[in-house]
Amino acid sequence: MAERGTSIRARVRAELTEEIKKAARAQLAVEGANLSLRAVARELGMASSAVYRYFASRDELLTALIIDAYDALGAAAETADARYKRRTDFAGRWVAVARALREWALTAPSEYALVLGSPVPGYRAPRDTTGPASRTPYVLVGIVAEARDAGQLAPADGPPIPARLRTELAALARTVEVDLDEPLLARTLAAWSQLYGAISFELFGQLDNMIDRRAEWFDYQARGMAAQIGLC
């Protein structure tokens, strides 16, 4: 009986935790990262003290939302790559993943802004966020590494890498356990940052009154990133 009671309490706690996060996401959509546990409690008709039993601080709740957002973004990337049938079409796989990231951002703009927009004042992300945040870049790096191993990387021109930067890139590759040489890692990192830049540019209204065919423009950019890396 005690075991059953414990499982019921655990289920209720899990359900209430999700309700709190759902209310917090709704607040993010309106207020941005200016998250308030008291406002979340009011939305749910709960006492503030009750919410604090689930999340001890605003930062703890923010961390939970950030982890969820990174996991959702990573899942979108992983699913898009796994579903792409032509496994040796590495440029196509890159574009498919890029499209999935854009689509996720357009359906969850406040969550995208939370993890890839301006830093939240006074918030310092704990290490718990590192694993979820790594899911998307590991998909992209995996595509590049597979293309290299298959001998399907086209020669890619680029400016010479300064010695100090080459050393830093080599250290980065060791730290994140990425098996790419410095020039290839540099091109991949540049393309990854351009990918998020392209999504942010659209999401935050910078394409207004300039480009109406947003999906076509995004595909054009994504294919340019793939070519910059040397994917073919």
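I began with the packing of α8: its buried residues pack against α9 (182–203). I kept in mind that this is a predicted model.

**Helix α8**

I looked up the extent of α8 next. The helix runs over residues 163–175, 13 residues in all. From first C-alpha to last, α8 reaches 19 Å, close to the 18 Å expected at 1.5 Å a residue.

Which residues of α8 are buried? I found Leu169, Ala170 and Ala173. They cover an arc of only 100° around the axis, which means that they sit on the same side of α8.

I then turned to the face directed away from that buried side. There I noted the exposed residues Arg164, Thr167, Glu168, Arg174 and Thr175.

I also checked what follows α8. Glu177 comes after the helix, and its phi is positive, near 55°.

**Largest pocket**

I moved on to the largest pocket. Its volume is about 440 Å³. I counted 20 lining residues on my list, and the closest to the pocket centre are Ala133, Ser134, Pro137, Val176 and Trp192.

Which helix gives the most to the lining of the largest pocket? I found α7, with 8 residues. I wrote down the helices that each supply at least two lining residues: α4 (58–83), α7 (130–149), α8 and α9. So much for the helices.

Last, I sorted the lining of the largest pocket by residue type. I got 16 nonpolar residues and 4 polar ones.

How values were computed. Residues numbered from 1 in each chain as written. Predicted model: local features only at pLDDT ≥ 70, side-chain atom pairs only at ≥ 80, totals over all residues. Heavy atoms only, no water. Helix = DSSP H or I, 4+ residues; strand = E, 2+ residues; numbered from the N terminus. Expected span 1.5 Å × (residues − 1). Buried < 20%, exposed > 50% of the residue type's maximum accessible area, 1.4 Å probe, protein only. Arc of directions from axis to C-beta. Contact = heavy atoms within 4.5 Å. 1 Å grid on protein atoms, 1.4 Å probe; cavity = no way out; pocket = protein on both sides within 12 Å on 5 of 7 lines; lining within 4 Å. Points joined across faces, edges and corners; volume = space filled by probe spheres on them. Nonpolar A, V, L, I, M, F, W, Y, C, P; charged D, E, K, R; others polar.
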